[in-house]
Amino acid sequence: MSLAADWRAARPPVAGLHLDSAACSRQSFAALAAAAAHARHEAEVGGYVAAEAAAPALEAGLAAFGALTGMAGADTVFTTGSLNALDLLLSGWPGRRTLACLPGEYGPNLAVMAANGFQRRELPVDGAGRLLIDEAAAVLATDPPDLVHLTAIGSHRGVVQPLREMAPVCRVAGVPLVVDAAQALGQVDCAVGAAAVYSSSRKWLAGPRGAGALAVTPELADRLRPRLPPGLGDVDVAARVGFSVALGEHLAAGPAAVRARLAELGTLTRQVLEAAPGWRVVEPVDEPSAITTLAPTNGADPVAVRARLIAEHRIVTTAAGIERAPGELTTPVLRISPHVDTVAEDLAVLAAALA
């Protein structure tokens, strides 16, 4: 079977159209079964004994995450999600706290940065919000911050940032590059030589909610002074087991093939929706991302439109408010994010529903 057919067959039938993978993808039968089996094992032998038994599966999950981020499994830890990973990283930073990031940085990330006492500087971008490498290199050479934080794909726009080009710039400047790969891992290559990469489970990797991972190079890890030892505290081991299975499935499907299919779907989505009345497609048609953002041109309310699409057509999308990118967004937008099993007919149904 094809990648799309395999992906669809591995999951429960969808109730309508799921075009919201940038928020939460659909889990597979295998990931669901693994998490449920672990929860049952906890009931049979106790949580701690079950966690010990799950150690090989969890180690395989960390190794898979490391492979996708260019790190070793030993340099990777599970988290409860992306914000938890960023907080773990920033709270352990010693000394002066200055950080450079994009003007369109994710709003909750900004809150975590502020809560950890980081002074923020904005990196130079073009009109699409894409990082300007030469200008950024000049900034880092003249007045380097302590950290560069680069969100590879934003929550409010499917523009892919130049991760691979920025990594050597940061190395030359002696500034650690931290990559927020929550929207990127699974649809763009994130193994670029960053000092740290973190992501959630539930988006393009199609794992359960409440899990994520953080990979940190030994050089950066040696500089950190974490508030608590890694792994201390109560954790949802079942979610981590499900995440580990989802990571294994992603590797088995072929990350390059998945990325190519998602980029193809992004282009197709923009081509289908570019003529949608009352909406403007934000991304360039050939942007290598599966995320398509629609900005209203006639006063439509994306929140109301999302609710109508669900209630009347069983089509799931995201309404992104300005709080997602307070430095860039001025009005809410509608976000479309199909996974590899979406076909052209599905997008035609969405276009008709929007019209």
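**A pocket and its surroundings**

The second largest pocket has a volume of about 390 Å³. Of the 25 residues lining this pocket, Ala23, Tyr106, Ser200, Arg202 and Lys203 are the closest to its centre. A pocket here is an open set of points on a 1 Å grid over the protein atoms alone, where a 1.4 Å probe fits, with protein on both sides within 12 Å along at least five of seven lines; lining residues have an atom within 4 Å of a point. Grid points are joined across faces, edges and corners, and the volume is the space filled by probe spheres set on the points. The lining comprises eight nonpolar, eleven polar and six charged residues, where Ala, Val, Leu, Ile, Met, Phe, Trp, Tyr, Cys and Pro count as nonpolar, Asp, Glu, Lys and Arg as charged, and the others, Gly among them, as polar.

The model is predicted: local features need pLDDT of at least 70, side-chain atom pairs count only at pLDDT 80 or more, and totals for chains, interfaces and linings use all residues. Residues are numbered from 1 along each chain as its sequence is written, and side-chain values use heavy atoms, leaving out hydrogens and water.

The protein contains 13 helices and 13 strands, which are DSSP runs (helices H or I, at least four residues; strands E, at least two) numbered from the N terminus. Helix H9, residues 218-221, includes Pro218. Pro218 is partly exposed, with a relative accessible area of 39%; this class lies between buried, under 20%, and exposed, over 50% (1.4 Å probe, protein chains only). The C-alpha atoms of Pro218 and Ala74 are 9.5 Å apart, although 144 residues separate the two along the chain.
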